[in-house]
Amino acid sequence: MNAVPAGVVGVLDVLGLKPREITVLKDVPLENGSWLLEMVDGGRVVLRRYHAHATVPDLSYEHEVLSYLAGAGWIVPEPIGELVRCDNLWYCPTRYVPGTATDPEDSLYRRRRGRDLARLHCALRDFGAQLGQRPGWKAQHTGVTVHTSIDWYACLRALTEVSPRLASWASDAADQARDALDAVGAAELPVTLVHGDFHEQNVHYHNGQLAGVIDFGLTHIDSRPYELAIARTYRSPETIPAYREELGRNGWPLSELEEAALGPINSAFRVDMAAWQMEQGRTTGNYDLAMIERQLYRTGTRPP
């Protein structure tokens, strides 16, 4: 058995799980972590550790989405045990999702991911209205950032002390994103339950077929244009056309407003990515200025 943190061993004892082998999948302090448990009977389980800011209401929301999809026949990392608290972090055993990500994707898999995203949205369409918004979240087009805990103006003030140029650029980018959203009437955008990170690393395939979808840590109520932005479709040109086609086959095509909002939402999403980096710098004192600049370039706003 590989060496594992004492906290993981303690959680396994509480859960009564006795794997014959443990493999570290990811272990970054205070961030999400996961361990593959090879059980004596040949089964596989993934023990997940959630990031330091995760709360029970937040995780319960995610688990409800996973359980709903599993009940609808999707292969997802649904919880298969209770949440366990250890060293101020939450852990939970989850279903193992087989298959592997296709990275880099070729055009065939980029189209396939678009179709699978459309199918996922159709599966979640009715459930979002029942579930409501995730605690601490809001739709991208309703503010600078999707996180209600981030104070945008505090982030700007703090960044000004470190880099007045980047702070001015971020302010301009946020204003331009808001103007572009207003121009297309984004306040009227319909919303639904989204995966929140449907890029190639989180979609598993086996023998050319969808094997499962992982990482619902950002799932919440938002617009379909936002989902396409955070799915990084800017680097996957075949994904959106395939997504459109599959939606059409399912009788739920993108509306004219949603089509018009694709560009403005993508710019707003990049501002949000910069805001997240700014918040991390404000709270830790360590700014990744290169990452902030990279996100601001992608907004399409010219630097000062």
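This is a predicted model: local features need pLDDT of at least 70, side-chain atom pairs count only at pLDDT 80 or more; totals for chains, interfaces and linings use all residues.
Strand β2 comprises residues 33–38 and is mostly covered, with six of its six residues buried. The covering extends to both faces of the strand.

Strand β2 is paired with β1, which spans residues 21–27. The two strands run in the antiparallel sense and are joined over six bridges. Within this pairing, Glu21 has Glu38 of β2 as its bridge partner. The hairpin formed by β1 and β2 has five residues between the strands, and Leu30 in this hairpin adopts a positive phi near 70 degrees.

Strand β3, residues 44–49, also runs antiparallel to β2, and six bridges join these two strands. Here Leu36 is found opposite Val46 of β3. In the hairpin of β2 and β3, five residues lie between the strands, and a positive phi near 95 degrees is found at Gly42.

Elsewhere in the chain, Glu105 is located in the loop that connects β6 (100–101) with α3 (107–131). The relative accessibility of Glu105 is 12%, under the 20% limit, and the residue therefore counts as buried. When residues up to four places away in sequence are left out, Glu105 touches Arg110, Arg113, Glu200 and Ser236. With one of these residues, Arg113, the contact is polar: the side chains of Glu105 and Arg113 meet at 2.8 Å.

Technical notes:
Residues are numbered from 1 along each chain as its sequence is written. Side-chain values use heavy atoms; hydrogens and water are left out. Helices (H or I, at least four residues) and strands (E, at least two) are DSSP runs, numbered from the N terminus. Buried means under 20% relative accessible area, exposed over 50%, partly exposed in between (1.4 Å probe, protein chains only). A polar contact is a pair of N or O atoms within 3.5 Å; within protein, one must be able to donate a hydrogen and the other to accept it, and residues adjacent in sequence count only if both atoms are side-chain atoms. Contact means heavy atoms within 4.5 Å. Two strands pair if DSSP finds at least two bridges between them.
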